[in-house]
Amino acid sequence: MSRKKAGKGKNANSSEDRQPTGSPTGKQKGETGKSTVGTGSVVQANGMVHPSRPSLSNSSEFYDIAFKVMLVGDSGVGKTCLLVRFKDGAFLAGSFISTVGIDFRNKVLNIDRLKVKLQIWDTAGQERFRSVTHAYYRDANALLLLYDVTNRTSFDNIKAWLTEIHDYAQQDVVLMLLGNKADATQQRVVKREDGERLAKEFGVPYMETSAKSGLNVELAFTAVAKELKHRSMKEPNEPKFKLQDYVNKEMKSAGCAC
Ligand SMILES: Nc1nc2c(ncn2[C@@H]2O[C@H](COP(=O)(O)OP(=O)(O)OP(=O)(O)O)[C@@H](O)[C@H]2O)c(=O)[nH]1
Ligand SMILES: [Mg+2]
């Protein structure tokens, strides 16, 4: 079996689903640091691909290539809810339970006939856990940076988050800015144009999401997975994948006025 086995994803608490493929300090026990891809390639732990041997399985439990994605942003912006919406298709309504430390979930996506496993790290937004989060940045292939469109402070703090990302994350990390809680029209205090302007200023792809309604949640993760996959497996004459263009096109074809 040359493909790696991914978490089953049926039970959020299953050990496989929550078994990390890496840690801030390096590989987990028993991890080889490599997985093989269905196109006859070997993928390094960091998602890089090298032509090698063929895949033997088409099972949905297996993946071709894996990446680490981290959710960051102030406490209460909806990181955990976004992840739960993406993974389970549900919204965590009711009282807000702040994340303690860091947690993760796996999900395998079909991207251009390839199974791309995302290991998604849900960080705690509270200041007191910041040092824990710092340790994980360097392993992340992509970061989803969230603010809450109903919370001006969470938006104002984006510049500080970008400085943090600059200080701790890999230089070539895939980054995307998300204005979450777009469903809350009555409580909105940050206009979409403000988000767009900030994203342009820092050259970061941007869109609004809602963990509550599901708006753009799948798209955010798929876009990041596509970008990572294209970077790893780019054919010599293949045009560069442009994340923001892809997102705009997908939103347009979905008839989204957001
Ligand atoms: N209306 C609305 N509420 C949301 C949305 N996403 C999250 N919430 C609510 O916002 C609160 C905080 O959500 P969480 O996902 O726990 O926030 P978090 O970013 O994980 O917070 P920390 O774990 O403390 O960093 C909860 O009460 C959620 O129900 C959304 O898209 N729309
Ligand atoms: Mg949380």
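Colleague: Why is Thr99 called buried?

Modeller: In this predicted model, Thr99 has a relative accessibility of 16%. Buried means under 20%, so Thr99 counts as buried.

Colleague: What makes Thr80 partly exposed?

Modeller: The relative accessible area of Thr80 is 24%. Partly exposed lies between the 20% limit for buried and the 50% limit for exposed, so Thr80 falls in that class.

Colleague: How do you know that Thr80 and Thr99 coordinate the magnesium ion (ligand 2)?

Modeller: The OG1 atoms of Thr80 and Thr99 coordinate the ion at 2.0 Å. A donor has to be an N, O or S atom within 2.8 Å of the metal, so both OG1 atoms qualify. The two residues are 19 residues apart and link distant parts of the chain: Thr80 is in helix 1 (residues 79-88), and Thr99 is in the loop between helix 1 and strand 7 (102-111).

Colleague: Why is Ala169 called buried?

Modeller: Ala169 has 14% relative accessibility. That is under the 20% cut-off, so Ala169 counts as buried. Ala169 is placed in the loop between helix 4 (158-168) and strand 10 (174-180).

Colleague: Which residues does Ala169 touch, leaving aside neighbours within four places in sequence?

Modeller: Ala169 is in contact with Tyr137, Leu143 and Glu164, where contact means heavy atoms within 4.5 Å.

Colleague: What is expected of the span of helix 6 (residues 217-233)?

Modeller: With 17 residues at 1.5 Å a residue, the expected span is 24 Å. From first C-alpha to last, helix 6 reaches 24 Å, close to that expectation.

Colleague: Which residues touch the most other members of the largest nonpolar core?

Modeller: They are Leu118, Leu144, Phe221 and Val247, in a core of 37 residues. Helix 6 gives the largest share of this core, 9 residues. Leaving aside neighbours within four places in sequence, the contacts of Leu118 include Phe67, Val69, Phe221 and Ala225. Another core lies apart, with 26 residues, among them Tyr137, Leu143, Ile165 and Val204.

Colleague: Where do helix 6 and helix 7 meet?

Modeller: Leu219, Thr222, Ala223, Val224, Lys226 and Glu227 in helix 6 meet Leu243, Tyr246, Val247, Glu250 and Met251 in helix 7. The axes of the two helices come within 10 Å and cross at roughly 145°, and the crossing is right-handed.

How values were computed. Residues are numbered from 1 along each chain as its sequence is written. Chains are lettered from A and ligands numbered from 1 in the order in which they are written. This is a predicted model: local features need pLDDT of at least 70, side-chain atom pairs count only at pLDDT 80 or more; totals for chains, interfaces and linings use all residues. Side-chain values use heavy atoms; hydrogens and water are left out. Donors are N, O and S atoms within 2.8 Å of the metal (3.2 Å for Na, K and Ca); water is not among the atoms, so sites may look incomplete. Helices (H or I, at least four residues) and strands (E, at least two) are DSSP runs, numbered from the N terminus. Buried means under 20% relative accessible area, exposed over 50%, partly exposed in between (1.4 Å probe, protein chains only). The expected span of a helix is 1.5 Å times one less than its number of residues. A nonpolar core is a set of buried Ala, Val, Leu, Ile, Met, Phe, Trp, Tyr and Cys residues joined through side-chain atoms within 4.5 Å. Axes are lines fitted to C-alpha atoms, for helices over the stretch in contact, and angles run from 0 to 180 degrees between N-to-C directions. A crossing is left-handed if the near helix is turned anticlockwise from the far one by less than a right angle, and right-handed if clockwise.
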